[in-house]
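Hi there,

I am passing a structure on to you, along with some notes on what turned up in it. Please have a look at it before reading on.

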Amino acid sequence: MEAFQLLSRGGVQFNKNRFRKDVEIFNGKLETEQQQPQASTSGSELPAALNFFKSGKKRKLDEEPDEEDDPKSDTEGDNSIPRQRHRVTTKGSNIPEYAETFEDLRDRYQLSSLLLSNLSNNGYSHPTGIQSYGIPILLESRDLAAISPTGTGKTISYLLPTFASLRAPVASADVDAGLGVRAVILAPTRELAHQIHNECLKLAQGRKWRVVLFSKATANTLSDKAARDKVDIIVSTPLRLVASLQSGSLSLSNVRHLIFDEADRMLDNEFLPQIEEIVAACTYPNIQKAVFSATLPANAEKIAMDMLHDPIRVVVGLKDTPLPLIVQSLTYVADDASKLPSLLTYFSQPYNPPVLIFTSSQPRASSLAEELVLNGISNVDCLHAGMSKKEREDAVSRMRKGESWVMVSTEVMARGMDFKGVREVINYDFPTTVQSYIHRIGKCRTGRAGRSGKAVTFFTDDDGPYLKSIANVILQSGQPVPEWMSKLPKPSKMKRKQMGKTKRPEMVNAARKIGRNDAIKKREMIAGSKRRKAKGATPTAPATSEDS
Ligand SMILES: Nc1ncnc2c1ncn2[C@@H]1O[C@H](COP(=O)(O)OP(=O)(O)OP(=O)(O)O)[C@@H](O)[C@H]1O
């Protein structure tokens, strides 16, 4: 089984006996790698002997394994940085040939030169792995399930073919555009939808494309059919779209391209009913559907495959994904109360901002950000769904401008967000699944800019039973874990289901809660005493039913 697929399914297994030699060689190499984590941006620097992902793979008849130079350059456009190598696996019938360059795509599919120049103006000179494979598939009107690690350019993989297939804005009379929006892109959070909308605007430059970020306000505007018929693409969260469908103020009958970003999240129990409603409303014959995700657990993959028509599945795998470039470690912190002191110790040593910290809930994210500020850590910010839209937008913008050095967030909120240049990820609260671990640490944008990346995961006694799952991911991505950890028993299926269900207090510093409760009590007593004084009454015991 292809390695990333193995990870993406959550059941990570690593046969240490079978690969004992590889592990030994790797352990010998450890010191050098830890000292120079970012030096190895080129896949060729991974010793061949360690390439157990490749050697462990059995080739299936209907698969076309392929290795390619991922032509991705760094975001700053420094093409001198060695390119990463990705392993790409495709599955399906009549798979279109991958494209080596954007120019290949232009020649093969007559892409407009404006689209191409918009790409290069934004620093996209070579397609990434998923772009090389995914774009031709979508341009040939096929349905697609694309699994590619975080930060590998999935957004352009679906946006470029969407723009190219629509050919021209509805405002231009020369296309058969029908009536109503022609493409819908769905993302699990408003922030991610916003980010995708921004990418759309980059590609839309120079033509009168109408790309709408669906919100309460824009939904109102689009309840007018005349306005709606002028829209080319809608980017939305499922909830917002369903609200308009249910109120009858939106029709999706002309939608020809339906894209799901962060598909594993979109196809989970929370979103599924809405997704089903949206899919049912898209009645255009031969509608093209595509799902994109960094991980796709088996149940989500099954739902996706049932939803897609004769799909092609592309997996960009682990041969040298960003994961091995991130120095990963697991840190024992005994219990929840010990996490904050451990984190403060961490920040008392040199660290590389921006740092992204994950907590398991919104109140904990707020509480941790507050604690860090109170403890004098500079430029701390917080981002979660419980904050107002304005607060969230400000936080994202500060992070993008480099004004936030430390961002405390929840996983749901950080999903798919391209926080530029995150260098360290700290899992303050243990990840909820193996996929969640991969998503979280994938926020380290090391691969792209060739910088060093670091991922630290705190674990308590309560997290012990799940440690092995994460330790396996670390081993699979070519890094060592302490021997005792690799000897831990594999958690049972039942146990794995419990992972992420650990109950944690809302405040990360219980002492502050006690202090706060005391202060509230005191304040209430003083207020009560003042009220009584004002009434001239003498204090009485609280009334009981027997008093009356
Ligand atoms: N071909 C390219 N060349 C250079 N930079 C690119 C290219 N494609 C995308 N990028 C940049 O890489 C970054 C990550 O891209 P994107 O957000 O699409 O990744 P992703 O795979 O969707 O990640 P996630 O799973 O976290 O959503 C963005 O800043 C984007 O502008």
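Below is a short tour that begins with the whole chain and then turns to one strand.

This is a predicted model, in which local features need pLDDT of at least 70, side-chain atom pairs count only at pLDDT 80 or more, and totals for chains, interfaces and linings use all residues. Numbering starts from 1 along each chain as its sequence is written.

The chain has 25 helices and 15 strands; these are DSSP runs numbered from the N terminus, with helices being H or I of at least four residues and strands E of at least two. Of its 548 residues, 45% are buried, where buried means that 20 or more other C-beta atoms, placed from the backbone, lie within 10 Å of the residue's own.

Now to strand β13, residues 406-410. Five of its five residues are buried, so the strand is largely enclosed by the rest of the structure. In a regular strand the side chains alternate between the two faces of the sheet. In β13 both faces are covered: M407 and S409 are buried on one side, and V406, V408 and T410 on the other.

Best wishes

Notes:
A residue is buried if 20 or more other C-beta atoms lie within 10 Å of its own, exposed if 12 or fewer, and partly exposed in between; C-beta atoms are placed from the backbone.
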